[in-house]
Amino acid sequence: MTSSKPHQSKTQTSHSNNTPSRSTGLLPPLNYGLPPEQHRRYTLVLDLDETLVHFDQKRRTYKPRPYASRFCAEMSKYFELVVFTAGLKDYADWILDDFDRARHIRYRLYRNSCKFKRGVYVKDLSCLGRDLSKTLIIDNIEDNFEMQPDNGINCESWFDNPNDTELARYEPILRNMALSNVDSVCDTIRAHFKFTKSNNCASPIKRGSSAPHAHTASPMKRALKPAAGAFGYSMAPSTRYSLAPP
Ligand SMILES: [Mg+2]
């Protein structure tokens, strides 16, 4: 990516004028406007910063996480993909218009769709207008999905490791989840992750912050995490789950 100037998105957002009136949440109804062959039963919500990409503030550009683009392409075959970021719209669109040129990501939600609680922008999945038993989120900040902890996978933060395999490791689990037509994504997450303890906490950002991108994990949080490649989901801000051994 060479341009450093944010530009307007041409893709559909949650605030599109085409949003049907019968929508009961931030998003239009599931599969709205899609032909049957493109219908999906599940919704996969993806965080942006340090989950799919990392923004380099010095160079004013971003780098995609290894395998992130391929991950989105593959997951779009089985899930409705939604990016839900605490970043500002112009910033997120500037990245996503380049990162997702093939438009695998159907909807984008920004900071203005988050709830501000105790200094953290929280992503309340119950506001999406989706069946929560068919909706999951991948986010590097577990506080961001504290309102639906059973629906969240707390991935390792990515900054610059070229050998990162986090998303590639998720792929078979999520594909099998979709192909198995599970009744609840929470059951699948619980079945594949085991409980571990940590004292991780996110670095809060203040309301009205001019930072265009979301808060990032503190160095302390990274240091406290398990060995490279481990990942998990959390049921509370002070707990953490990691992948269970086969
Ligand atoms: Mg993030």
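Which residues point one way from β8, and which the other way? Thr135, Ile137 and Asp139 point one way, Leu136 and Ile138 the other, and all are buried. A residue is buried if 20 or more other C-beta atoms lie within 10 Å of its own, exposed if 12 or fewer, and partly exposed in between, with C-beta atoms placed from the backbone.

This is a predicted model: local features need pLDDT of at least 70, side-chain atom pairs count only at pLDDT 80 or more, and totals for chains, interfaces and linings use all residues. Residues are numbered from 1 along each chain as its sequence is written.

## Overall make-up

The chain holds five helices and eleven strands. Both are DSSP runs numbered from the N terminus: helices are H or I with at least four residues, strands are E with at least two. Of the 246 residues, 41% count as buried. Take the contacts between residues at least 6 apart in sequence: 68% of them join residues at least 24 apart. A contact needs C-beta atoms, placed from the backbone, within 7 Å.

## The sheet

Five strands form an open sheet with parallel pairing. Their order is β5-β4-β1-β8-β9. Two strands pair if DSSP finds at least two bridges between them. β5 (107-109) and β9 (152-154) stand at the edges, each with a single partner strand, so one side of each lacks a neighbour in the sheet. From one strand to the next, the twist averages 20°. Angles are taken between N-to-C directions and run from 0 to 180 degrees; the axes are lines fitted to C-alpha atoms, for helices over the stretch in contact.

β8 (residues 135-139) pairs with β9 in the parallel sense over three bridges. Here isoleucine 137 stands opposite glycine 152 of β9. Four bridges join β8 to β1, and these two strands also run parallel. Leucine 46 has isoleucine 138 of β8 as its bridge partner. Five of the five residues of β8 are buried, so the strand is largely enclosed by the rest of the structure.

Phenylalanine 84 lies in strand β4. It counts as buried because 27 C-beta neighbours fall inside 10 Å. Phenylalanine 84 and aspartate 47 are 37 residues apart in sequence, yet their C-alpha atoms are 5.3 Å apart in space. Leaving aside neighbours within four places in sequence, phenylalanine 84 contacts Val45, Asp47, Leu109, Lys123 and Ile137.

## Core and helices

The largest nonpolar core has 44 residues. Such a core is a set of buried Ala, Val, Leu, Ile, Met, Phe, Trp, Tyr and Cys residues joined through C-beta atoms within 7 Å. Leu44, Val45, Val53, Leu81, Val82, Val83 and Ile95 touch the most other members. α2 gives the most to this core, with six residues. Not counting residues up to four places away in sequence, valine 53 touches Leu48, Tyr62, Lys63, Pro64, Arg65, Ala68, Ile95 and Phe99.

α2 is mostly covered, with eight of its eleven residues buried. In α1, the buried residues include Ala68, Phe71, Cys72 and Met75. These cover an arc of only 95° around the axis, which puts them on the same side of α1. The arc is that of the directions from the helix axis to the C-beta atoms.

| Helix | Buried residues | Cover includes |
|---|---|---|
| α1 (68-75) | Ala68, Phe71, Cys72, Met75 | β1, β2, β3, β4, α3 (166-179) |
| α2 (89-99) | Lys89, Tyr91, Ala92, Asp93, Trp94, Ile95, Leu96, Phe99 | β2 (53-56), β3 (61-64), α1 (68-75), β4 (79-84), β5 |

α1 and α3 pack at an angle of about 10°, with their axes 10 Å apart. They are therefore roughly parallel to each other, a label for angles under 35 degrees; over 145 is roughly antiparallel, 65 to 115 roughly perpendicular and the rest oblique. Ala68, Phe71, Glu74 and Met75 of α1 meet Leu167, Glu171 and Leu174 of α3.

## Backbone exceptions

Most residues other than glycine have a negative phi. Asparagine 31 has a positive phi of about 70° although it is not a glycine. Asparagine 31 sits in the segment before β1 (42-46). Arginine 103, also not a glycine, has a positive phi of about 60°. Arginine 103 is found in the loop between α2 and β5. Asparagine 31 counts as partly exposed, with 14 C-beta neighbours inside 10 Å. Arginine 103 is partly exposed, with 14 other C-beta atoms within 10 Å.

How values were computed: Two residues are in contact if their C-beta atoms, placed from the backbone, lie within 7 Å.
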